[in-house]
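Good morning, and thank you for making time for this presentation. I will go through one structure, beginning with the ligand and then moving out to the rest of the chain.

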Amino acid sequence: MSPQHLNCDILIVGSGPAGLAAARAASRSEQSIVLLDDNPRPGGQIWRQGPGATPSAIVREALQVLEHPRLRYLPGTRVVAGAGANTLLLENTEQALLVRYRSLILCCGARELLLPFPGWTLPGVTGAGALQALLKNGLPVAGERVVIAGSGPLLLASAASARQAGARVEAVVEQAPISALAPFAAGLWRWPAKLGQAAGLATLAYRCNAHVLEALGEQRLEAVRIQQGQQIREIPCERLACGFGLVPNTALASHLGCQLQGNAIAVDRYQGTSLAQVYAAGECTGVGGSELARIEGEIAGLVASGQTRQAVALTHRRAHWQAFADRVRETFALKPQLLRLARPDTLLCRCEDVPYAAVAGKADWNQAKLHSRCGMGACQGRVCATAAQALFGWNPPTPRPPLVPARIETLLMELPTPSMK
Ligand SMILES: Cc1cc2nc3c(=O)[nH]c(=O)nc-3n(C[C@H](O)[C@H](O)[C@H](O)COP(=O)(O)OP(=O)(O)OC[C@H]3O[C@@H](n4cnc5c(N)ncnc54)[C@H](O)[C@@H]3O)c2cc1C
């Protein structure tokens, strides 16, 4: 099988709000665009399509760019590796592709931070964003008792979706204290759309200054034990969705050599990364919500396609939504006790059944892997390495190719042969 070769002016990785906005902005120029996503459907996390999702007018408008004659959309396509100057090696179910670009825009989004606690691997326990994704894909929850726990605005969105799907939301368990939430709520008038959204999502089941201690059950989840202030209580439920915030996806950027700032891709005011002609936008540059992702994507698309003057005009709107993202980050900062929920026998790596005690106390992630096999299973550390970074402060090593499992034929064709020196 020989790889298909594609050339384009602008290659965009990720078709979430940021990637679609970048494509739309770039499509106003004469440039050719390739937009790829590892998901089979466009929209990223928030605009995920599926039998349980009805696209809004905003989503339908954003998706229109996929019909543009100078845009080629590659769904279900994964980046395997960088393959020399301005080229990425891709793979989908049918073929390997080598795409050569003039400019690259990374819109890789974020993933959920899942922290280990006793019982978190029981059937019935998922992430809060994961529950959203499952519901949009048609998961039946009608009549089920659901507890949503963790931190951040995503908890309320998940609770609303679960209710809409017929579940009974028993509690929304938010770790942030009222002393942080009250000033946040009082300042929402600066973002009227968010104020309206918050009002629409508000629920009497909301419990602040509370966190999950343990998921209880034999074969599957039966109840959740939570702590609220000094009180501990158990809530019977069939489903627990627990999310402790989001973490930017930076693996591809790191692999290509882009500098990071904290745990996100470092960008300048034009969304440029430390590499020439490589831009980044959306939550891979810092978690900030879909509004910020869209404006960043638009700026990146404009700059990458030579429309810099129009991009500069958008920077004040970006600052407005960046200020909202900063308020969210401060308000929902995790309390230290959430990093101490695991017991010695709680699994940290659920793919390879590695308990917390086998990893805690190691010098770094590499030592932990060498001694325990953690991070070597199906998720390749996407869950446990991210948790270990939060728990122990370990920096993840620079990802090596292949970035995702790939067919042997794809690897044999294009990966650089290691030097024998
Ligand atoms: C699980 C989950 C559920 C969420 N649900 C909601 C919600 O219901 N409501 C809400 O307000 N916010 C939700 N969010 C937050 C929301 O994702 C963001 O606010 C917003 O979508 C960010 O847009 P983005 O374009 O930066 O990234 P995303 O929407 O995450 O889009 C990134 C896209 O890039 C693809 N991708 C990443 N890396 C690669 C690669 N190497 N190769 C190919 N494709 C790649 C991903 O599959 C994804 O489709 C959720 C987040 C997560 C993680």
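Let me open with a question: how far is an oxygen atom of the ligand from an N or O atom in the side chain of Asp38? The separation is 2.5 Å. I count it as a polar contact, that is, a pair of N or O atoms within 3.5 Å; within protein, one atom must be able to donate a hydrogen and the other to accept it, and residues adjacent in sequence count only if both atoms are side-chain atoms.

Before going further, a word on the source: this is a predicted model, in which local features need pLDDT of at least 70 and side-chain atom pairs count only at pLDDT 80 or more, while totals for chains, interfaces and linings use all residues. Residues are numbered from 1 along each chain as its sequence is written, and side-chain values use heavy atoms, with hydrogens and water left out.

A polar backbone atom of Ala18 lies 2.9 Å from a ligand oxygen, and for a polar backbone atom of Pro17 the distance to a ligand oxygen is 3.3 Å. On its own the ligand has 980 Å² of accessible area, and the protein covers 88% of that; these areas come from the Shrake-Rupley method with a 1.4 Å probe, and for residues only the protein chains shown count as cover.

Which elements give two or more residues to the shell around the ligand? They are α1 (17-26), β7 (110-112), α3 (128-136) and α8 (290-304). Helices (H or I, at least four residues) and strands (E, at least two) are DSSP runs numbered from the N terminus. The greatest contribution is from α3, with three residues.

The shell holds 29 residues, of which Ala18, Asp37, Asp38, Gln132 and Glu283 come nearest to the ligand; a residue is near if one of its heavy atoms lies within 4 Å. By type, the shell has 12 nonpolar, 12 polar and five charged residues. Here Ala, Val, Leu, Ile, Met, Phe, Trp, Tyr, Cys and Pro count as nonpolar, Asp, Glu, Lys and Arg as charged, and the others, Gly among them, as polar.

Next, the domains. The chain divides into domain 1 (4-111 + 247-328), domain 2 (117-243) and domain 3 (337-392), with bounds from an automatic or database domain assignment. Why does the ligand lie between domain 1 and domain 2? Because both of these domains give residues to the shell around the ligand.

Buried means under 20% relative accessible area, exposed over 50%, and partly exposed in between (1.4 Å probe, protein chains only).

Pro118, in the loop between β7 and β8 (125-126), is buried, with a relative accessible area of 5%. Although Pro118 and Ala342 are 224 residues apart in sequence, their C-alpha atoms are 5.9 Å apart. Cys237 sits in the loop between β14 (231-236) and β15 (239-243) and is buried at 1%.

Finally, the backbone geometry. Most residues other than glycine have a negative phi, and most peptide bonds are trans. Asp353 has a positive phi of about 55 degrees; this residue is in the loop between β20 (347-349) and β21 (354-355) and is exposed, at 53% relative accessibility. Arg373 also has a positive phi, near 70 degrees. Its place is the loop between α11 (365-372) and α12, and at 43% relative accessibility Arg373 counts as partly exposed. The peptide bond joining Pro401 and Pro402 is cis, with omega about -5 degrees; Pro402 is in the loop between α12 (384-392) and α13 (408-414).
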